[in-house]
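Keep the structure open as you read.

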Amino acid sequence: MIIFGTRGYLYQLAILTIVCGWCGNPAAHTLRKRVTKFTLFFVPLFPFSTKFATQCTFCGGEQQIPKEQAEQLLAQHAASQNGNPFGQAQGQGQAPAQGQPGYAPGGQGQNPYQH
């Protein structure tokens with residue numbers, strides 16, 4: 001007897017702040033990737049379906065998006081983080097040190113977090 005089936009995996013790729021298509025609020029959205037894999041004897045062998053979606057944390061509305069749009073949102077998120085997956089590059093309210101990106105002579109650092 002051969003036992004086969006499918007199994008789904010859900011990956012959270014990023015948390016983005018965008019305007020929701022359902023409620024119209026600028027809120028945090030989770031960018032998720034759902035991969036369905038074919039299994040044989042409960043061992044996942046290969047993926048046969050990959051879907052991307054965003055879900056609003058305010059209203060809970062979920063919207064499927066194409067792979068190209070998901071990659072674009074992920075690239076924008078990585079660029080806004082300056083390559084730092086944990087958020088801010090220098091810390092809250094700190095100006096960049098000399099020799100680091102964003103340093104401007106005279107103490108006027110170009111920190112995007114200060115207004």
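Contact here means heavy atoms within 4.5 Å. The model is predicted.

Q: Leaving aside neighbours within four places in sequence, which residues is Leu 73 in contact with?
A: The cut-off is heavy atoms within 4.5 Å. Neighbours within four places in sequence are set aside. That leaves Leu 16, Leu 31, Thr 54 and Ile 65.

Q: Which elements give two or more residues to the largest nonpolar core?
A: This core has seven residues in all. They are Ala 14, Leu 16, Leu 31, Phe 52, Ile 65, Ala 70 and Leu 73. The elements giving two or more of them are β1 and α1.

Q: What is the strand order in the open sheet?
A: The sheet has four strands, with antiparallel pairing. Its edge strands are β1 (4-19) and β4 (62-65), and each pairs on one side only. From one strand to the next, the twist averages 30°. The order is β1-β2-β3-β4.

Q: At about what angle to β1 does helix α1 run?
A: Helix α1 covers residues 67-80. It lies across β1, β2, β3 and β4. Relative to β1, helix α1 runs at about 50°.

Q: How many bridges does the pairing of β1 and β2 have?
A: The two strands pair in the antiparallel sense. One of the pairs puts Gln 12 with its partner Arg 32 in β2. The β1 and β2 pairing extends over 15 bridges.

Q: Which residue in the hairpin of β1 and β2 takes a positive phi?
A: Six residues lie between these strands. The positive phi is near 80°. The residue is Gly 24.

Q: How many bridges join β2 to β3?
A: Strand β2 (residues 26-40) and strand β3 (residues 43-56) run antiparallel. Thr 30 has Gln 55 as its bridge partner in β3, and Arg 34 stands opposite Lys 51. The number of bridges joining β2 to β3 is twelve.

Q: Which residue in the turn between β2 and β3 has a positive phi?
A: These strands form a hairpin with two residues between them. The positive phi is about 55°. The residue is Phe 41.

Q: Is His 29 buried or exposed?
A: His 29 sits in strand β2. Among the residues it touches are Ala 14, Leu 16, Thr 54 and Cys 56. Its relative accessible area is 3%, so His 29 counts as buried.

Q: Which backbone oxygen does the side chain of His 29 reach?
A: The distance is 2.9 Å. A polar contact requires N or O atoms within 3.5 Å. The oxygen belongs to Ala 27.

Methods:
Residues numbered from 1 in each chain as written. Predicted model: local features only at pLDDT ≥ 70, side-chain atom pairs only at ≥ 80, totals over all residues. Heavy atoms only, no water. Pairing = 2+ DSSP bridges. Axes fitted to C-alpha atoms, helices over the stretch in contact; angles between N-to-C directions. Core = buried A, V, L, I, M, F, W, Y, C linked by side-chain atoms within 4.5 Å. Buried < 20%, exposed > 50% of the residue type's maximum accessible area, 1.4 Å probe, protein only. Polar contact = N/O pair within 3.5 Å; in protein donor to acceptor, adjacent residues only side chain to side chain.
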